[in-house]
Amino acid sequence: PFYFAAMAFKREPIHDLKQAGVVVRKYCDYQERCHSDVVKRLRDMGLGQAACDELLGELIIEGSLNESRFALMYASGKCRIKGWGPYKITHALRQKQVDEGCITEALKPLMDEAFPMALQALMARRLRHVSSGESSSARKNNLWKYAYSYGYASDDIARAWALLKGG
């Protein structure tokens with residue numbers, strides 16, 4: 001029988017800088033991208049370092065590529081949709097080689113409201129799935145480990161736990 005294997009589709013190399021510019025502009029217009037994603041895409045097209053740098057400069061100047069805007073959108077999306085905490089988001093942005101200043105600026109607006117709300121929702125959802133037959137300390141440990149794995153600090157987890165127990 002015929003089996004489908006996971007295949008990575010290799011793009012035809014593009015040697016025309018103008019055509020590569022059109023392709024990468026569409027790529028950036030579809031959603032916010034970081035510099036490393038765009039450089040990887042350009043390298044996959046077969047462009048050299050000088051051509052990549054030239055196109056990257058053009059994209060930055062025309063506003064199609066903005067790393068601080070990417071970091072803000074990435075952080076808010078991961079917090080709202082996936083419930084990630086600041087440490088997990090920071091780690092993911094560092095892996096994408098985003099500047100530390102951009103990471104700090106992206107996390108600032110989320111610190112006061114978004115992260116605490118996401119953490120409480122995460123812990124409340126997890127508490128519903130934890131066996132009620134477990135001891136209270138085992139339930140607490142289970143919740144703490146779960147919240148910690150999502151990138152929250154222990155003092156934030158303690159605050160959310162206190163609110164959850166009190167409410």
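The structure holds nine salt bridges, a salt bridge being a side-chain nitrogen of Lys or Arg within 4 Å of a carboxyl oxygen of Asp or Glu. The model is predicted, so that local features need pLDDT of at least 70 and side-chain atom pairs count only at pLDDT 80 or more, whereas totals for chains, interfaces and linings use all residues. Residues are numbered from 1 along each chain as its sequence is written, and side-chain values use heavy atoms, with hydrogens and water left out.

One of the salt bridges joins the side chains of Glu-58 and Arg-25, with an N to O distance of 3.1 Å. Glu-58 belongs to helix H3 (residues 49-62) and Arg-25 to helix H1 (residues 17-30), and the pair links distant parts of the chain, 33 residues apart. Helices are DSSP runs of H or I with at least four residues, numbered from the N terminus. Both side chains are partly exposed: the relative accessible area is 31% for Glu-58 and 23% for Arg-25. In this classification, buried means under 20% relative accessible area, exposed means over 50%, and partly exposed lies in between, with a 1.4 Å probe and protein chains only. Arg-25 and Glu-58 are also linked with Glu-62 in a network of salt bridges.

A further salt bridge is formed by the side chains of Glu-32 and Arg-69, at 3.0 Å from N to O. Glu-32 lies in the loop between H1 and helix H2 (35-44), and Arg-69 lies in helix H4 (residues 67-82), so the pair ties together parts that are 37 residues apart in sequence. Glu-32 is partly exposed at 25% relative accessible area, and Arg-69 is likewise partly exposed, at 31%.

Within helix H9 (residues 154-166), Arg-159 and Asp-155 are four residues apart, about one turn of the helix. These two residues form a salt bridge in which the closest N and O atoms are 3.3 Å apart. Arg-159 is partly exposed, with a relative accessibility of 48%, and Asp-155 is partly exposed, with a relative accessible area of 44%.

H9 itself comprises 13 residues and spans 18 Å from its first C-alpha to its last, close to the 18 Å expected at 1.5 Å a residue. The expected span is 1.5 Å times one less than the number of residues. The buried residues of H9 are Ile-157, Ala-160 and Trp-161. Seen down the helix axis, these buried residues fall within an arc of 105°, so they line one face of H9; the arc is that of the directions from the helix axis to the C-beta atoms. The buried residues of H9 pack against helix H7 (114-129) and helix H8 (136-149), where contact means heavy atoms within 4.5 Å. On the other side of H9, Leu-163 and Gly-166 are exposed.

With a disulfide defined as a pair of cysteine sulfur atoms within 2.5 Å, the count comes to zero. For Cys-34, the closest cysteine sulfur is that of Cys-28, at 9.8 Å, which is too far for a bond. Cys-34 is buried, with 0% relative accessibility. For Cys-102, the closest cysteine sulfur is that of Cys-34, at 11 Å, again too far for a bond. Cys-102 is buried as well, with a relative accessible area of 15%.

How values were computed:
Helix = DSSP H or I, 4+ residues; strand = E, 2+ residues; numbered from the N terminus.
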